[in-house]
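Q: I would like to learn how to read a predicted fold, one feature at a time. Could you take me through this one, giving the general idea before each case?

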Amino acid sequence: MNKRLPICKQILGDLISYDVLGGQSNLTILDYIIGFLIERRIEYYLVPNDDCTKASLFCRIGPAADGGVILSGHTDVVPVAGQDWKTDPFILTEKDNKLYGRGSCDMKGFIACCLASADLFSKAGLKKPVYFAFSYDEEVGCLAGPALARAIKSHYPEKPSMAIIGEPSVMKVVTGHKGICVLKTTISGSAGHSSRIRQEVSAVHVAAGVIRWMEDKMEQLIADGRTDSRFMPPHTTIHAGMIQGGIAPNVIADKCTLYWDIRVIPRDNVREIIAEFQHWCSNYTAELQKKFNGASISTVEDHPPVVPLGTDDDAAVVRLVCKLTGESETETVAYAAEAGQFAEAGFQTVICGPGDIAQAHRADEFVDINQLDKCLAMMDKLCGYLSS
Ligand SMILES: [Zn+2]
C-alpha cells in the first residue's frame, strides 16, 4: 500500500463531508481546498461565476516551465434524495476495503489523491510543473470546464501540454467520450374539435414530424458512414425522451413540448446538426402558417453543448498515461465529461481516475481502496516523469 494512503483517506473524508451538489455554491469545499494550499504556500487562482457564489480553482506546483501536466476534477456531486443509503452519504465509511460516501468515486477520490500528493510534487524538484484544476457544476452540464481550461491557458506564460481528467475509469486510459446537447422544442398550433384536423394545426402531429426528422437525421448520418468504432453505439444518437401535449383525444392540441438530446461522436458537429434542424423547422413552419398564422416551432438549449473528446491513440498524453498506469489498451466511455473541454482549449487530454462509473450516482457509492492506491502510484510515476 502507498504510504500516502492514510492521508489520502483523511482528505477524502474531509472532502465528502461537504455536501456540495451540482448547481449549488461550492464555496465551502473550496475554502477547505484553499486552506490546504495556503498551509503549503501554494499560490492558487480562482475562476468565479458571475455572482461569485461558485468558483473553480487552479494552481501550479513546480517551475515556470512549458510542458506541464494538468490534473483536473469537479468538486460537486449528484443528489442523494430518494436513494436508499445504508450509511450517511456525507460521512466517509470504510468497510471491506471500500470507502463509502457520495462523491467517493465521482470524483472526490481523485481530488484526494491530487491533494495527498501535493507535498510529494512540492519537494521533488520538478523540472516540469503539475497543475491542479478543480471545477464546479460538472454534474449539471459541465458548465465551468471551458472557463477553467481557458483561464489556465491565459494565466501562465508557460503552457501545460497535457491534462488528465480523473473521472472514474478504474484507472484505465480513456481517450474518448461523446459530446452532448440537451434541447427543448416547443410547438404552437391551433386548438379545435378533432374533426377539424385538416383545417387546424395540431401541435402533437407536428411533434410527430419533428421526431421523424430526428430519426431520419440519425439514420442519414449512419448511412453516410459517419461512424467511430471506438464508441458504443459507434454513431451520433438523436433521441426524444419526453413529450408533453394535448388535453383530450377529441381536442386538437395547440401546444406540445419535446425534450431531446444529441450525443455526438468527435467527428460530428452538434452545431451543424442543430443548424440543419432549425433550417428544416423554419421551412416546416412556413408550410404550417399557411393554415394557421400563429404556428411556430422554437428550440432552446438546456445549457451550452458539451464537446466530445477524441484523442488519438498515438498522442503523447496517451503514451505517457499508459506508461504511468501500466495499461496497454485505451478505452472510451459512455458518459460526457469535461475532458473534451480541456482538449478544446489546446491540451492533449485523457480521462484516468480511481473508481468505477458503475458505482457513481447511486446509493452506497464507494471507491475501492485499491483504486486509490493505484491512483497514488500513478502520481508517484507522474512525479518521476516531471522530475526527469
Ligand atoms: Zn464526475
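Q: How many strands form the open sheet, and in what order do they lie?
A: Strands of a sheet pair through backbone hydrogen bonds, either parallel or antiparallel. Here 4 strands form an open sheet with antiparallel pairing, in the order E11-E13-E9-E14; helices (H or I, at least four residues) and strands (E, at least two) are DSSP runs numbered from the N terminus, and two strands pair if DSSP finds at least two bridges between them. The edge strands, each pairing on one side only, are E11 (237–245) and E14. From one strand to the next the twist averages 20°, where axes are lines fitted to C-alpha atoms, for helices over the stretch in contact, and angles run from 0 to 180 degrees between N-to-C directions.

Q: What should I know about the model and its numbering before going further?
A: This is a predicted model, in which local features need pLDDT of at least 70 and side-chain atom pairs count only at pLDDT 80 or more, whereas totals for chains, interfaces and linings use all residues. Residues are numbered from 1 along each chain as its sequence is written.

Q: What does the span of helix H3 show, and is H3 mostly covered or uncovered?
A: The expected span of a helix is 1.5 Å times one less than its number of residues. H3 (residues 104–116) has 13 residues, but its end C-alpha atoms are only 15 Å apart, short of the 18 Å that a straight helix would reach. H3 is mostly covered, with 13 of its 13 residues buried; a residue is buried if 20 or more other C-beta atoms (placed from the backbone) lie within 10 Å of its own, exposed if 12 or fewer, and partly exposed in between.

Q: Why does Pro63 count as partly exposed, and where is its place?
A: Pro63 counts as partly exposed because it has 13 C-beta neighbours inside 10 Å. Its place is in the loop between strand E2 (55–61) and strand E3 (69–74). Leaving aside neighbours within four places in sequence, Pro63 is in contact with Leu126, Lys127 and Pro129; the C-alpha atoms of Pro63 and Lys127, 64 residues apart along the chain, are separated by 6.4 Å.

Q: How is the protein divided into domains?
A: Domain bounds come from an automatic or database domain assignment. The protein is divided into domain 1 (5–177 + 308–387) and domain 2 (179–301), and 37 Å separate their centres, taken over C-alpha atoms. The contact takes 7 residues from domain 1 and 7 residues from domain 2.

Technical notes
Contact = placed C-beta atoms within 7 Å.
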